[in-house]
Amino acid sequence: YLGIDLNPEYIRISIKEDDKIIHTKLYSVKKLTDKIINLKVSSSNPKFKSLNNKLNHEILEISKDISNLSKQVNCKFIFIEDLSFNGNSNKYSNRKNKNLWKRDILINNLEKRCSINNQKLYKVNPAYSSFIGNLQFNFDDPINASLEIGRRGYECIIKKTKQFYPELKLKEVLIS
């Protein structure tokens, strides 16, 4: 199975089979989103439109790469964060989260590709996934979160153990 952790600037994936981590990968669109934000122009500006189209293209290419990689290693299940936003935020984070984050484009394209590849895509509650992932794994924070998203999806949805929170096995660094 494959777990995906999302944010506006990075997409992180991890692939596991049983308890073995097969592959991890980080995709970054930070340079592009920073460029768009630093333009400080309206969305009707031609430069903004050009960069925004490039961002859309990059997200679709990332989706394609994730799909190809999951197909290559015969993943049956893909687990992604179930994200919805409400509440207050500042102007900067609002622009980044609502206008520049191509979350829906990525998810819709992944759903289409999963359907073609006979894979199942499930949305998983991401509560505390970074925190729990960082307690258990020795990768970077985003990869740790993707590992927890994958574990949570596999345990709760596929195995139906209802084990939303794992039995914590603290990583070596925290024990010493």
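Trainee: Between which two elements does the loop that holds Asn74 lie?

Mentor: The model before us is a predicted one. Asn74 is not a glycine, yet its phi is positive, at about 60 degrees. Its place in the chain is the loop between H2 and S4.

Trainee: Is Asn74 buried or exposed?

Mentor: A residue counts as exposed when its relative accessible area is over 50%. The relative accessibility of Asn74 is 63%, and therefore Asn74 is exposed.

Trainee: Which loop contains Lys40, and what is its phi?

Mentor: Most residues other than glycine have a negative phi. Lys40 is exposed, with a relative accessible area of 70%. It sits in the loop between H1 and H2. Although Lys40 is not a glycine, its phi is positive, at about 55 degrees.

Trainee: How many disulfides does a search of the whole structure find?

Mentor: A disulfide is a covalent bond between the sulfur atoms of two cysteines. For Cys75, the closest cysteine sulfur belongs to Cys114 and is 9.5 Å away, so it is too far for a bond. For Cys114, the closest cysteine sulfur is in Cys75, at 9.5 Å, which is again too far. The number of disulfides found in the whole structure is 0.

Trainee: Are Cys75 and Cys114 buried or exposed?

Mentor: Buried means a relative accessible area under 20%. Cys75 has a relative accessibility of 7% and so counts as buried. Cys114 has a relative accessible area of 3%, so Cys114 is also buried.

Trainee: Which element gives the most residues to the largest nonpolar core?

Mentor: That core has 29 residues, and the members that touch the most others are Ile4, Leu6, Ile11 and Ile66. Two or more residues come from each of strand S1 (2-6), strand S2 (10-17), helix H1 (30-39), H2, strand S4 (77-81) and H4. The element that gives the most, with 7 residues, is H2.

Trainee: Which residues does Ile4 contact, leaving aside its neighbours within four places in sequence?

Mentor: Ile4 is among the core members that touch the most others. Leaving aside neighbours within four places in sequence, its contacts are Ile11, Arg12, Ile13, Ile66, Ile78, Phe79, Ile80, Glu81, Leu110, Ser146 and Ile149.

Trainee: How far apart in space are Thr33 and Pro8?

Mentor: Thr33 is found in helix H1, and it is buried, with a relative accessible area of 0%. Once neighbours within four places in sequence are set aside, Thr33 contacts Pro8, Glu9, Leu55 and Leu100. Thr33 and Pro8 are 25 residues apart in sequence, and their C-alpha to C-alpha distance is 8.0 Å.

Trainee: What is the volume of the largest cavity?

Mentor: The count of cavities of 30 Å³ or more is 1. The lining of the largest cavity includes Leu6, Pro8, Ile11, Leu55 and Leu100. Helix H2 (46-72) and helix H4 (103-116) are the elements that give two or more residues to this lining. The volume of the largest cavity is about 70 Å³.

Trainee: How many nonpolar, polar and charged residues line the largest cavity?

Mentor: Val29, Ile59, Trp101 and Leu106 are among the residues of this lining, as are Asn7, Lys102 and Arg103. By class, the lining of the largest cavity divides into 9 nonpolar, 1 polar and 2 charged.

Trainee: Which helix gives the most to the lining of the largest pocket?

Mentor: The largest pocket holds about 430 Å³ of space. Of the 15 residues that line it, Lys16, Asp19, Arg151, Glu155 and Lys169 are the closest to its centre. The classes in this lining are 5 nonpolar, 2 polar and 8 charged. The helix that gives the most, with 3 residues, is H6.

Trainee: Which element gives the most to the lining of the second largest pocket?

Mentor: About 230 Å³ of space lies in the second largest pocket. Its lining includes Ile15, Lys16 and Glu17, together with Asn74 and Cys75. The residues of this lining divide into 7 nonpolar, 1 polar and 4 charged. With 3 residues, the element that gives the most is S2.

Methods
Residues numbered from 1 in each chain as written. Predicted model: local features only at pLDDT ≥ 70, side-chain atom pairs only at ≥ 80, totals over all residues. Heavy atoms only, no water. 1 Å grid on protein atoms, 1.4 Å probe; cavity = no way out; pocket = protein on both sides within 12 Å on 5 of 7 lines; lining within 4 Å. Points joined across faces, edges and corners; volume = space filled by probe spheres on them. Helix = DSSP H or I, 4+ residues; strand = E, 2+ residues; numbered from the N terminus. Nonpolar A, V, L, I, M, F, W, Y, C, P; charged D, E, K, R; others polar. Core = buried A, V, L, I, M, F, W, Y, C linked by side-chain atoms within 4.5 Å. Buried < 20%, exposed > 50% of the residue type's maximum accessible area, 1.4 Å probe, protein only. Contact = heavy atoms within 4.5 Å. Disulfide = S-S within 2.5 Å.
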